[in-house]
Amino acid sequence: MIITSKSNAIIKAVSALSEKKFRKQYGQYIVEGIKPVNECISAGCKIDKIICTEQTAGVYESPLIVSESVFKSLSSEKTPQGVLAVVKIEDKPLCEPSGNCLLLDCLQDPGNLGTVIRTANAAGYKDIYLVNCTDPYSPKAVRASMSGIFFVNLYFGTYSEVFEKLRNFPLICADMNGEDIFSFTPPKNYCLCIGNEGNGISNEVLCRAKYTVRIPMRETCESLNAAVSAGIAMYTLNNNRNNVR
């Protein structure tokens, strides 16, 4: 059977996941596109349902098949590929990190957040703590993570709750007044903190920081994009620590 009505109860519930309040209410989010859905399956994520057009239905087991017009109404892509998955949001209780980690402090742009998650996965920062950030499960953030969101642990909490779990991991803050990151030797265990796009690190986090580091720039450049800064910092700290004898 092919669903052809946008007013179908299932379609309306899936469409609602474009809004944060319904993602929170249902505990689900959308992954769209052939490669992301396949990687989501390979990663072992808990998938509630896969929705396809007739063209892509044969690839997946027991998909919900919809018309092209219905799929377009669900899609957030300019050129839909005809497949999306409804995925369970894992409710992970706050815990201590298993290795060097990230604290994201009030990041508000979903593209930046998704890109940081993508880079964290690539650089080996598996545990990511989010305080007052935009929703990492929004379609734009998920898309920007390029499947990285399937392979990291996302934890949410207040400053005090997160600081308690990071008590054995000194905070390294990216700050314009810090030490040159390229000559900085990080401790064995640490948490790299990335601040808000416009305001930088909050006072709550800066007061807890054991180290502050900066990325040197020409005088003609005031600042770097938050995701770019995070990527440079993640790889530089990895490299500097590995070079310690």
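## Ground rules

Two strands count as paired if DSSP finds at least two bridges between them; helices (H or I, at least four residues) and strands (E, at least two) are DSSP runs, numbered from the N terminus. This is a predicted model, so local features need pLDDT of at least 70 and side-chain atom pairs pLDDT 80 or more, while totals for chains, interfaces and linings use all residues. Residues are numbered from 1 along each chain as its sequence is written, and side-chain values use heavy atoms, leaving out hydrogens and water.

## The sheet

In S9, Cys-191 is the bridge partner of Cys-101. Four bridges join S5 (residues 101-105) to S9 (residues 191-194), and the two run parallel. They belong to an open, parallel sheet of six strands, ordered S7-S6-S5-S9-S8-S10. S7 (153-156) and S10 (211-214) sit at the edges, each pairing on one side only.

## Salt bridges

Count a side-chain nitrogen of Lys or Arg within 4 Å of a carboxyl oxygen of Asp or Glu, and the whole structure has seven salt bridges. One of them pairs Arg-143 with Glu-77, closest N and O atoms 3.9 Å apart. Arg-143 is in helix H6 (residues 139-145) and Glu-77 in the loop between H4 (68-74) and S4 (83-88), so the pair ties together parts 66 residues apart in sequence.
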